[in-house]
Amino acid sequence: MTLRLAALVTGLLLLIGTPLAWWLARTRNRLRPVIEAVTALPLVLPPTVLGFYLLIAFNPRSALGAAWVGLTGQTLTFSFTGLVIASLIYSLPFTVQPLQAAFAQVGRAPMEAAASLGAGPLDAFLSVASPLAVRGYLSAAVLTFAHTLGEFGVVLMVGGNIPGQTRVVSIAIYEQVETVQYAQAHVLSAILLGISFAILLALYLLNGRGTAR
Amino acid sequence: MRLELDLRLDRPGFSFRAVHTGDLAGLTAVFGPSGSGKTTLLRLIAGFERGQGHLRLGPSTWQQDRVFVPPHRRRIATVFQEARLFPHLDVAGNLNYAARRAGTTGRVADLARRFGVTRLLDRPVTGLSGGEAQRVALARALLTDPALILMDEPLSALDAAARADILPLIEALRDEGPAPILFVSHARGEVARLADRIMLTEAGRLAEEGPAADLLPRLLATDTDELSVLTVTLAGAEPDGLRPLVFPGGRLLVPDLPGPAGRSTRIAVHARDVMLARGNAAALAAQVSALNVIPARVVKVEVQAASARVTLDCGGVRLLARITSRSAALLDLAPGQDCLALIKSVALLDD
């Protein structure tokens, strides 16, 4: 359940985050700082605050929650879908910020060169900007995945703890500690620690090799 | 090809205005002090900056009213100061990038040979020298089959050897003319050597446009240093090592000048290095230690106190001489008068 959530959220966020990060990296719009601030909010807000607002928004009696129920017949709260949406918001900065930095690093020069060689904006983005920002994509994917893997507060607020549906590892550990099942908590914690460390180590090894070249 | 442009760009702290209509052929140098808008003019034409106004070249309208053709649809090739090769592709990949989009893949091998990059084709671009990279960039730009070539100081980041390598390639492009070239430069030597016509930018506007022969003297001269610019063709060296430079007014001999016969170049003749005489050229050559005696006709004599500036016509080419007013009076110089110009030295305008 945890891995499925993290993989799905990472994939979706790369799709959503790419145009957003591209826009943030290139625009001269005055709204940019506002959007940047909103995007970065999940970094500083306590997860419980975010979770609280999402819980209210997802409530079947709210506009969004009601629309969702009308559309799908299911509630967003305490469901896997709700968890995915909450995680998308919660992990957004971990996708957008590395991508935005990578796109800014690419700069305008190669894009102008591509245009002068007959490449339209989308063509130039796919054939020049994306390959040049590949390190940013790697960082974004790894950080998003690892961060979603370890989230707790938002999940607890929005998803609850339904086995097979919304129970993720971090919640399971919390419950085991609460019920003094330290042995199981040790096992799960060690697994999460190991996975997270392995992912980050892989990222930094790849990055280090890139810069040394 | 006819160029019609009327473009205006307003940015905080900088504005630029250019109005010009004229035929574009060969190489037009865009020259002016830094910050005067040379590069802005190029970027407006390329479509990298969007200003107001209109822009047409030959049959293509690139900007008018609400119409703004984006850069990738303009059939303009831009060669930048830095080569701007794509680092994730090798040299062949960079050339193919342009060729695939313009449908010119059949010409890649040919252009690679022409710009001397054939042996680099499978190399990553990160290992290229500055000169090699710029040659790849030129080949890549030409593969777009452009209607207009823009060059933004393409030589200024290169060392002297690489520059000497690439200048003849740009000259060949100018002379074979697949497309007219707009060449931004702040190096007078480059402009003097390459330009057919010159656009002068000054304080955020396109101030003037005209034939290089007319504008170059002003670019090269300072107040006390008037000069004439002659376009000459190198002939084969004589046995004693002197090199004849042929121009419509005659022939000048200069020592120690390298370069293949038939090459065309430009020289500067300072007005104070031109003496004037009356009489017979052959007789004079036997009496004076000056080899370069050119028949001339006086066009204008301007007396300024003790000194006089004499404008001469040598076979249709304008030449300035600075002599004393007393000499002018003694020689009885007046418009229409035939005389002889003794040229003491010339300066080459190549870098």
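In chain A of this predicted model, helix α1 buries a set of residues that begins with Thr2(A), Leu5(A), Ala6(A), Val9(A), Thr10(A) and Leu13(A), and that also includes Gly17(A), Thr18(A), Ala21(A), Trp22(A) and Leu24(A). The cover over these buried residues includes α2 (32-44), α5 (80-106), α6 (109-116), α7 (121-132), α8 (134-149) and α10 (169-178), which belong to chain A as well. An α-helix has 3.6 residues a turn, so residues three or four places apart point the same way.

**Helix α1 of chain A**

- Helix α1(A) covers residues 2-26, and its 25 residues reach 35 Å from the first C-alpha to the last, which is close to the 36 Å expected at 1.5 Å a residue.
- A bend of about 35° is found in α1(A) at Gly17(A), and a proline, Pro19(A), follows within four residues.
- Gly17(A), where the helix bends, is also one of the buried residues of α1(A).

**Chain A as a whole**

- Chain A contains 11 helices and 0 strands, and its C-alpha trace spans about 65 × 45 × 25 Å along its principal axes.
- Of the 213 residues in chain A, 43% are buried.

**Domains of chain B**

- Chain B is divided into domain 1, which takes in residues 2-211, and domain 2, which takes in residues 227-348.
- The centres of these two domains of chain B, taken over C-alpha atoms, are separated by 37 Å.

**Arg140(B), a buried charge**

- Arg140(B) belongs to helix α4 of chain B, which runs over residues 130-142.
- Although Arg140(B) is buried, it has no salt bridge, and the nearest side chain of opposite charge, that of Glu82(B), is 9.1 Å away.
- Leaving aside residues up to four places away in sequence, Arg140(B) touches Ala113(A) and Leu117(A) in chain A, and its contacts in chain B include Arg84(B), Leu85(B), Phe86(B) and Asn94(B).

**Salt bridges between and within the chains**

- Over all chains, the structure holds 25 salt bridges.
- One of them joins the side chains of Arg84(B) and Glu112(A), with 2.9 Å from N to O; this pair crosses between chains, from the loop between β7 (76-79) and α2 (91-102) of chain B to helix α6 of chain A.
- Both partners of that pair are buried, Arg84(B) with a relative accessible area of 18% and Glu112(A) with a relative accessible area of 10%.
- Arg84(B) also forms a salt bridge with Glu82(B), in which the closest N and O atoms are 2.9 Å apart, and Glu82(B) is partly exposed, with a relative accessible area of 40%.
- Glu132(B) and Arg119(B) form another salt bridge, their closest N and O atoms being 3.5 Å apart; Glu132(B) lies in helix α4 of chain B and Arg119(B) in the loop between α3 (108-114) and α4, so the pair ties together parts that are 13 residues apart in sequence.
- Within this pair, Glu132(B) is buried, with a relative accessible area of 12%, whereas Arg119(B) counts as exposed at 58% relative accessibility.
- Salt bridges that share partners join Glu112(A) with Arg11(B), Arg43(B), Glu49(B), Glu82(B) and Arg84(B) into one network.

Terms used
Residues numbered from 1 in each chain as written. Chains lettered and ligands numbered in written order. Predicted model: local features only at pLDDT ≥ 70, side-chain atom pairs only at ≥ 80, totals over all residues. Heavy atoms only, no water. Domains from an automatic or database assignment. Helix = DSSP H or I, 4+ residues; strand = E, 2+ residues; numbered from the N terminus. Expected span 1.5 Å × (residues − 1). Bend = angle between axes of the 7 residues up to and from the residue. Buried < 20%, exposed > 50% of the residue type's maximum accessible area, 1.4 Å probe, protein only. Contact = heavy atoms within 4.5 Å. Lys, Arg positive; Asp, Glu negative; His and termini not counted. Salt bridge = Lys/Arg side-chain N within 4 Å of Asp/Glu carboxyl O.
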